[in-house]
Amino acid sequence: MFEIEIRPLTPETTGDWINLLNEAQIRCPGYIPVTSGSVRAGPMSGDFSPKETLMAFLGGLPIGAVSYSLERTRAVLSHFVVLQGFRRQGIGRQLLETALQELVQRGAEQVLAVCWAFEPYARFFAKFGFSPVTRYLKIVWDLTESPPPKPQGEIREASPEDLPLLVDLCTRTYLPDWIWLWPDEENLKASVQDLFSAAFSEPEQRQVLVAVREGNPVGVVCPWVDESFTTETGIQEGMLAFGVGVLPEYRRQGIGTALLQEAFDRLRGWGMKYASVWTAAPLDADSSALAFYRARGGTVTIEWMVLSRALVG
């Protein structure tokens with residue numbers, strides 16, 4: 001086992017951390033090299049923007065890192081890397097144990113680990129009591145291809161006055177399938193409200209679109225362009241923040257397809273060549289959302305897995 005030093009990320013070591021992430025993951029399918037701005041753009045990074053990071057150094061050489069965040073009593077580990085050539089030497093174990101000790105001291109009761117869907121990761125986390133929960137996938141569309149005809153249906157831009165209804169709509173749409181991502185229903189509602197409020201405050205390249213039936217929103221999609229991501233990576237890719245949500249009783253009526261096409265049109269209008277969304281699926285099957293996106297031309301470009309472990313009890 002190497003004698004390493006583990007210490008928190010600082011502004012002075014941010015560049016080393018970014019280089020470490022890119023060098024350790026560059027061969028992973030679908031990986032996009034990160035920059036100081038893009039790695040902290042939560043939705044572009046699958047909504048797992050790191051809040052704090054620990055780095056492992058051998059001498060002055062950064063050889064490993066793990067990031068984490070804590071919401072109430074639920075923590076998320078992400079951006080877990082060890083350089084090729086230094087693996088299987090106990091470095092990952094030391095990083096993980098240090099992070100878990102810190103989270104326990106801060107009151108974490110559960111931790112999720114988000115990592116690439118590779119068997120070595122699954123075996124590693126299993127040694128520490130983690131169990132697989134779900135797959136987490138990035139889906140991408142090429143917007144330069146000729147768009148299909150738009151389905152009919154009333155779609156309009158939402159306003160701040162719609163926010164209470166939209167929060168309720170998303171809660172009904174995403175729970176219980178997505179409860180693993182939020183500690184509880186109130187946390188989900190707060191996340192939805194924050195994201196839509198941000199879209200309302202900067203509507204130039206962020207819009208909330210709703211499908212309406214009998215005057216009420218029954219579906220929602222939020223096309224979103226993160227300028228830091230497009231500027232720093234040079235990739236003209238917008239996203240569908242939170243994906244396409246349609247109330248269960250209004251599904252299979254073409255509403256989701258109409259919302260998707262309208263969102264694509266907005267992204268094209270903002271100069272985007274690609275659209276992306278992150279979605280979850282069971283470990284051994286496709287979810288209805290994944291099947292919906294694939295049937296409408298989406299391609300899975302990144303596959304992560306999420307594992308969970310209780311820290312108390």
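What share of the contacts in the chain with a separation of 6 or more comes from residues 24 or more positions apart? The share is 74%, where contact means heavy atoms within 4.5 Å. This is a predicted model, in which local features need pLDDT of at least 70 and side-chain atom pairs count only at pLDDT 80 or more, while totals for chains, interfaces and linings use all residues. Residues are numbered from 1 along each chain as its sequence is written, and side-chain values use heavy atoms, with hydrogens and water left out.

The chain contains eight helices and 12 strands, taken as DSSP runs (helices H or I, at least four residues; strands E, at least two) and numbered from the N terminus. Its radius of gyration is 20 Å, close to the 20 Å given by the globule rule for 313 residues, so the chain is as compact as a globular protein of that length. That radius is taken over C-alpha atoms, and the rule is 2.2 Å times the number of residues to the power 0.38. Along the principal axes, the C-alpha trace spans about 65 × 45 × 35 Å.

Of the 313 residues, 52% count as buried, meaning under 20% relative accessible area with a 1.4 Å probe, protein chains only.

K138 is found in strand β6, residues 131-142. K138 counts as buried because its relative accessibility is 3%. Its side chain makes a polar contact with the side chain of E237 at 2.9 Å; such a contact is a pair of N or O atoms within 3.5 Å, one able to donate a hydrogen and the other to accept it within protein, and residues adjacent in sequence count only if both atoms are side-chain atoms. Leaving aside neighbours within four places in sequence, K138 is in contact with residues including I32, W278 and T301.

Terms used:
Buried < 20%, exposed > 50% of the residue type's maximum accessible area, 1.4 Å probe, protein only.
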